[in-house]
Amino acid sequence: MKIIKIALGIIVLLAIVGVAVFNYFFRSAVPDYSGTVFLEGLASQVEVRTDQYGIPHIYADNEPDLFFAQGYIMARERLFQMDTTRLAGRGELSTLFGDITLDKDRFLRTVGFYRKAQKSYEVLLPETKAALKAFSAGVNRYIETADTLPREYFFLKSKPKPWEPADSIVVGLLMSYSLTRSKKIDLIMHRIGEKAGYEIMKAIIPSFPDIAPTLTGKRPTYSDSNNQILNTQIANKTKTSSFLDDRFPMPFDIAASNWMLFSGDNTDTGNALFAGSPDLAPTLPGLFYVMHIQGGDIDAMGGVLPGVPSLGPLGYNGFLAFSAVNGRGDEMDYFIEKLNPDNPDQYLTESGYKDFKIIEDTLKVKDGDSFRTEKITIKISRHGPIISDVLPGSPENCAMQWAALDLPNRDIDGLIKLVKAKSFDEFRMALSYVRTINLGIGYADKEGNIGWQFTAAPPIRKKG
C-alpha cells in the first residue's frame, strides 16, 4: 500500500512539473502587453495600446515611426506566419520543412514570384520605399531583440532571416495569385476538351445572358442551343465511356465574399450603410490581422496582410470605408509552345524559332541537421515560364502568361495611398496603382456616398 501511495505521489508530482514546464515553454514566447520597450531606430516615442479584443492601436508622431512600430508589433504577433509566407514567395520553404515542400518550391521558383518582387521594388513611389524600409527595420528589430522566438523555430531548429522590402512585396503578390481563379479553370477546360471532345468543352463554357450587365455596351446574343448540344453529346458519350466518372482533376472551391452597400438615400439616418465580408478560406492564424495605425497623415483601422505595411483591402479611415471581394477577372492564359525538333531550347513564333530565356537556379533543402542543394532549369518563353513539370494538370511545353508577371507590382503604392484617401476620386486614384491583385472594392463615406472599383490588368487578347 505504501508503495502504491509513493507511486501515485510521483505521478502527481511529474504531472505538476510537466504542466509547469509545458506552460513555461509556450508562454515564454507570449509578449508582454504593458510596460516600456526601448528600441533603436525610432525618432520619437510611439504608444501601442492593445484593447480587450487583442487589437493593437499604434500612435506615432510620424509615418516612418508608425511603419517601424507596425513592423515590430506585427512580427511580435505573427512572425512565423510572415516568415513562412515570404519563404513561399522566395521558393525557400524547403529550407525550413525539407523534402515535403520541395515540389512547391520548384513551382514557386519557376514562376518567379520573388524575381518579380525584387524588380518591382525599384519602380515604387519614394514614400512607399520609405515605408517598406521602416517596416522591415521594425520587423528586424524584433527578430534581433526578442527574448524568445515563436516556438515553431525551436521544433524546426531554425531562425528567421532578416526581413527585406521585397519580402513584403512578394506577400502581396502571393495574395494576387491566390485570387486568380483562371489558373485552375483554364487547365480544367483543357482536360475536358482532351477527354470529352472540344464540342462538349465549348458547350459548357458559361454563356452571357441578355439581362446581365456589361461594361462595353455590347450584348452578345444568348441561345440555349449550347445546352441542347451538351445534353445530346453527354448522352451519347456516356453510352460508350465513363469520362464523367474520372476523379475531378482539382478540388472545388466554394467562394462567397460579398459586401452590401446602401447609400444615404436608402437609409433612415441618411448615412451610408456598408457591410463587407471577404470570405476566404479560414486559417489559423487568420489571413488578416486587425490593427489601428495612426501617424503622419494616416489614421485608419482594418485588416492587414501579415508582412505588408499599411492596411490591406479592407478598413476605415474616419471618412471612408472599403472592403474587397474577388474580382473574378481573367488575367491568366496558358500557351502550348511548339519546340524546335532540332533544338529543344527554342520555340516557334510568327517570325521563326526563338530561344527560351534559361535560368539556372538552385534550391536549398533541409536534410536532417544539414542542407543539400538541388539544381533546377527554368525556361521562359515570350508568354511566360514553362510550368509543365511543376504544375500538375498542365500539358506538355505549357507556358503560363499571368498579367502580374508582365507588370511592375505597385499594389503597395495603392494600399498606402488608400488609407489616406478623403474622397471617391482619391479612392479611385489610389486604386489605380493596384493592378496585379484581382478585386472588386466597395466604397462608402460619411457623406452618404457609395461606389466600387475593379482592380486588375486583364491582357488585351488577339480575339475579343
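This is a predicted model: local features need pLDDT of at least 70, side-chain atom pairs count only at pLDDT 80 or more; totals for chains, interfaces and linings use all residues.

**Notebook: loops, a sheet and a patch**

I began with N397, which counts as partly exposed because its relative accessibility is 24%. I found N397 in the loop between β15 and β16 (398-402).

Next I went to S310, another residue with a positive phi, about 70 degrees, although S310 is not a glycine. S310 sits in the loop between β6 (298-304) and β7 (315-316). Is S310 buried or exposed? I looked it up: S310 has 0% relative accessibility, so it counts as buried. The cut-off for buried is under 20% relative accessible area.

P285 belongs to the loop between β4 (273-277) and β5 (289-295).

Then I turned to a sheet. In which order do its 3 strands run? I traced β13-β14-β15, an open sheet with antiparallel pairing. The edge strands are β13 (357-367) and β15 (384-385), each of which pairs on one side only. Strand β14 covers residues 370-381, and I noted 2 bridges between β14 and β15, in the antiparallel sense. For I380, the bridge partner in β15 is P385.

I stayed with this sheet to look at K366, which is found in strand β13. What is the nearest side chain of opposite charge to K366? It is D369, 6.8 Å away. A salt bridge would need a side-chain nitrogen within 4 Å of a carboxyl oxygen, and K366 is buried yet has no salt bridge. I also listed what K366 touches, leaving aside residues up to four places away in sequence: S94, T95, L96, G98, D99, L156, K157 and F371.

My last stop was the surface. Which residues make the nonpolar patch of about 460 Å²? I wrote down M1, I4, L8 and I11. I11 has its place in helix α1 (residues 2-27). With 54% relative accessibility, I11 counts as exposed, because the cut-off for exposed is over 50%.

Methods. Residues are numbered from 1 along each chain as its sequence is written. Side-chain values use heavy atoms; hydrogens and water are left out. Two strands pair if DSSP finds at least two bridges between them. Helices (H or I, at least four residues) and strands (E, at least two) are DSSP runs, numbered from the N terminus. Patches are made of residues with over 30% relative accessible area and no salt bridge: like charges are joined within 9 Å, nonpolar side chains (Val, Leu, Ile, Met, Phe, Trp, Tyr) within 5 Å. Accessible areas come from the Shrake-Rupley method with a 1.4 Å probe; for residues, only the protein chains shown count as cover. Buried means under 20% relative accessible area, exposed over 50%, partly exposed in between (1.4 Å probe, protein chains only). Lys and Arg count as positive and Asp and Glu as negative; His and the chain ends are not counted. Contact means heavy atoms within 4.5 Å.
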